[in-house]
Amino acid sequence: MTPIAAGQKANDLDAYWMPFTANRQFKENPRMIVGAEGMYFKTSDGRDLLDGIAGLWCCNAGHNRPRIVKAIQKQASELDYAPAFQMGHPKQFELASRLAALMPGDLNRIFFTNSGSEAVETALKMAIAYHRLRGEGHRTRLIGREKGYHGVNFGGMSVGGMPANRKMFGSLVAGVDHLRHTHGIEENRYSQGIPSHGDRLADDLERLCELHDGSTIAAVIVEPLAGSAGVILPPEGYLQRLRKICDKHGILLIFDEVITGFGRLGTPFAVDKFGVEPDMVTAAKALTNGVIPMGAVFVQDKIHDAFMQGPANMVEFFHGYTYSGNPMACAAALGTLDTYEEEGLLTRAAELSDYWQQAVHSLKGLPHVIDLRNLGLIAGIELEPFAGAPTKRAFEVFLKAYEAGLLIRTTGDTIALSPPLIIEKSQIDFAFETLATIIKNLE
Ligand SMILES: Cc1ncc(COP(=O)(O)O)c(C=O)c1O
């Protein structure tokens, strides 16, 4: 690396290789955030930016929340780090108990990771090992879904179904197959809330069970509602059907709730919203309000118990991270859960969802808008792509919204909105009025 020369600024933009970012374009015209409070970011040019996406689907309680800030400060002065293996600290156990109490059914065992990607890797490994421990070592196949996003590590990328995230990285993990996605069903266009058509797409799992034989499949992983590929909702009855087919063939069902967890759909988890209990749930993001990296896998008792055999002095699961259950992350998560509970945030999206739905569908009929989708406090606004230049139109809206004081996210030509759950109606109005004006004036 060349040393910083005299006269050269230490904060040059060159050294930092930004993730999932058009680096060269960004560095030509950087968009810098220097502060945050409540529903707003502060930009380096002194403007307030309404946070329309809860950071990256993670700051469900909004920004710089006092309980979380205090919890972190106190923790840093008491216990900065504790070894994650063969040692414990009280907050890991407290947090796991509180999370288990929040989740319905038998999903009572919690394994901590540092991100959604790691939670997914952990769940996939647990699934394969669980079957082996039960004498079904032939169940090694993993099934994901087209357009799914399960993070960027090898397992998650392999079960994921976003072509751009996969194509550069070789042959990926072997023994993976994919269900068809549920996007683009003509009759579902402009559905308000859960769409009515397409539950039969779950039967695609039967096709894969015929092809591979159901007895070779360890687990199916899906997002109950897919966010990253552009807000794709499960058709009514789809998840229930998937559960039934998994049960029929002895396959574990994993819900990836990295974005749907912690109140996004108006219930604590999508598990509550859809009334379907999977065998494992992965979570991250809003677990700590995005403040400190942390992920978790919620595991059914039966899976956990299958590991608890053999000599008691032996490690049962050869897996874990240096920062699993890190004290600072646990403190942040506990402060976050306190904030959610005190302010009723885990169900606030349900109170606002009618208002939100109306606001989303007020965009119907605007030029270039070809579909609108919503559930809880999530919206997908799908635009007709420019001929020969996919993603360009939506990215133009992103840049114009940024200039107008609104932060949105785009994937492909879909705009995704998922604001902090503390949003006020007047701020919903601002977001959709701003977007309507921008969309009306697009080329
Ligand atoms: C459903 C889902 N799973 C996994 C991940 C990966 O999480 P992380 O970026 O924390 O690794 C994401 C991130 O957006 C996600 O939406």
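## A contact between Ser158 and Val173

The backbone nitrogen of Val173 lies 2.9 Å from a polar atom of the Ser158 side chain, within the limit for a polar contact (a pair of N or O atoms within 3.5 Å, where one must be able to donate a hydrogen and the other to accept it). This is a predicted model, in which local features need pLDDT of at least 70 and side-chain atom pairs count only at pLDDT 80 or more, while totals for chains, interfaces and linings use all residues. Residues are numbered from 1 along each chain as its sequence is written, and side-chain values use heavy atoms, with hydrogens and water left out.

## The surroundings of the two residues

Ser158 belongs to helix α6 (residues 154-159), and with a relative accessible area of 1% this residue is buried (under 20%, whereas exposed is over 50% and partly exposed is in between, with a 1.4 Å probe and protein chains only). Leaving aside residues up to four places away in sequence, Ser158 touches Arg166, Leu172, Val173, Val176 and His178, where contact means heavy atoms within 4.5 Å.

Val173 sits in the loop between α7 (163-166) and β6 (176-179), and because its relative accessibility is 35%, Val173 counts as partly exposed.

## An open sheet

Elsewhere, 4 strands form an open sheet of mixed pairing in the order β1-β2-β3-β13. β1 (33-37) and β13 (406-407) stand at the edges with a single partner strand each, so one side of each has no neighbour in the sheet. Strand β3 (residues 48-51) runs parallel to β13 and is joined to it by 2 bridges (two strands pair if DSSP finds at least two bridges between them), and Asp51 has Leu407 in β13 as its bridge partner.
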